[in-house]
Structures are given as C-alpha cells and as structure tokens.
Amino acid sequence: MAATDQKPLRLIAFDEEDLQVISAHLQDAVLLVSDMTYLPDGKRFAAIANRFNWVQALADGNERRRQFERQRSALRFERVLSAQLQNIDLKSKDTVLELLAVQFEAGEPPAGQVTLVFAGGAAIRLRVECIEAELKDLGIAWRTKRKPAHPDETNV
C-alpha cells in the first residue's frame, strides 16, 4: 500500500519554466550510476531515481509527525545530441548520486544545454535540440524516516 493516497506524478517539460518544476520535484533524488543511460541513436537520456516527495513532506503538520516518503520515478529527455559527464565514473555502477537540480542554459533557440547537478561536484550535461522531458512516477511510494538536509539550513 502506498505511503499516501496521492496520485502518481507525471510532468512534461517543453520550456525552461516547465523544467524548473521538474527540478523542484527531483531535488534530493538519489540514483545509481547503473540506473541511467544515454542512447545516442535514439537521441534519448533516461534515468530511474528515488525522488524525495517534498510536497508531502512540507504538508501542514507533517514535520512534527516526521512521515516522509520516496517514490521511484523515471526521468527522460528526448532530442539529446550529446552527453558529457563530470566526476562520474560509468564503471562504478553502484555509486549513488544525489541530484540537487536540473538546470537549462539556452543556446540558439530552441536548443541549449540541460545540466543535472549532483552533490559532490558531479554533473551530466545534455546538449539538446530543444527541451522535451518527462518525469513519471513508477509503482508505489514508501515511507522513509529521513528528510534530506542541506548545509545552509538551520534546524528549528
């Protein structure tokens, strides 16, 4: 049974504003190096991540109850022309990456670069023809006791 009765999330991004919404939902998602792939012939990048449900975590009164959840989610980018890695070893398939943000830098419209920024200085830069992305929940959510913390936060 799901941790909450929320409907599965399904978001599509076709512009930078849409991508910012996807980024917010993916903040603090964790994934393994083995759970992502770039398919140059299909111009596709895909990853499976365990996203932290910030909407549920920030719901009124939830902080006191400390009922948090994670959700298995698929992230897909289409029209990807190239992918570059920074501080990620593809041979270390069991390495866990913590996603901090998904950013977009415009080029010759509608093209640009999408960067997946991870903790510890790791990153993936996708050169795209245009923004075409999807974030989709898979399966059911599960409870977790820990809420991600950031160094600049103060505990109240």
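Mentor: D28 is buried, at 0% relative accessibility. Here buried means under 20% relative accessible area, exposed means over 50%, and partly exposed covers what is in between, using a 1.4 Å probe and protein chains only. The model is predicted, so local features need a pLDDT of at least 70 and side-chain atom pairs a pLDDT of 80 or more, while totals for chains, interfaces and linings use all residues. Residues are numbered from 1 along each chain as its sequence is written, and side-chain values use heavy atoms, with hydrogens and water left out.

D28 sits in the loop between α1 (16-26) and β2. Helices (H or I, at least four residues) and strands (E, at least two) are DSSP runs, numbered from the N terminus. The phi angle of D28 is positive, about 75°, although D28 is not a glycine. R79 also has a positive phi, near 60°, and is likewise not a glycine. R79 is in the loop between β5 and β6 (80-86) and is partly exposed, with a relative accessible area of 39%.

Next comes A29, in strand β2. A29 is buried, with a relative accessible area of 0%. Leaving out residues up to four places away in sequence, A29 touches A49, N50, R51, F52, R70, L97, E98 and L99; a contact means heavy atoms within 4.5 Å. One of these, L97, is 68 residues away from A29 in sequence, yet the two C-alpha atoms are 8.3 Å apart.

R51, another contact of A29, lies in strand β4 and is buried at 5% relative accessibility. Apart from neighbours within four places in sequence, R51 is in contact with L9, H25, L26, A29, E69, R70, Q71, S73 and D137. With D137 the side chain of R51 forms a salt bridge, 2.9 Å from N to O. That term stands for a side-chain nitrogen of Lys or Arg within 4 Å of a carboxyl oxygen of Asp or Glu. The bridge links distant parts of the chain, 86 residues apart: R51 in β4 (residues 44-52) and D137 in β10. D137 is buried as well, at 8% relative accessibility. The two side chains also make a polar contact, again at 2.9 Å. A polar contact is a pair of N or O atoms within 3.5 Å; within protein, one must be able to donate a hydrogen and the other to accept it, and residues adjacent in sequence count only if both atoms are side-chain atoms.

The count of salt bridges comes to 9. Another joins R10 and E134, at 2.6 Å from N to O. R10 lies in β1 (residues 10-13) and E134 in β10 (residues 133-137), so this pair ties together parts that are 124 residues apart in sequence. R10 is exposed, at 53% relative accessibility, whereas E134 is buried, at 9%. Both belong to a network of salt bridges that links R10, R44, R76, E78 and E134.

D35 and R72 form a further bridge, 3.6 Å from N to O. D35 is in the loop between β2 (29-32) and β3 (36-39) and R72 is in β5 (residues 68-78), so parts 37 residues apart in sequence are tied together. D35 is partly exposed at 22%, and R72 is partly exposed at 30%.

L26 and S73, both contacts of R51, are also among the residues that line the largest cavity, together with L31, A47, A49, L75, L99, L116 and L135. On a 1 Å grid over the protein atoms alone, a cavity is a set of points where a 1.4 Å probe fits but cannot get out, and lining residues have an atom within 4 Å of a point. The elements that give two or more residues to this lining are β4 and β5. The largest cavity holds about 50 Å³ of space, and the whole structure has 1 cavity of 30 Å³ or more. Grid points are joined across faces, edges and corners, and the volume is the space filled by probe spheres set on the points.

As for the whole protein, 39% of its 156 residues count as buried. Its secondary structure comes to 3 helices and 11 strands.

Terms used: On a 1 Å grid over the protein atoms alone, a cavity is a set of points where a 1.4 Å probe fits but cannot get out, and a pocket is an open set with protein on both sides within 12 Å along at least five of seven lines; lining residues have an atom within 4 Å of a point.
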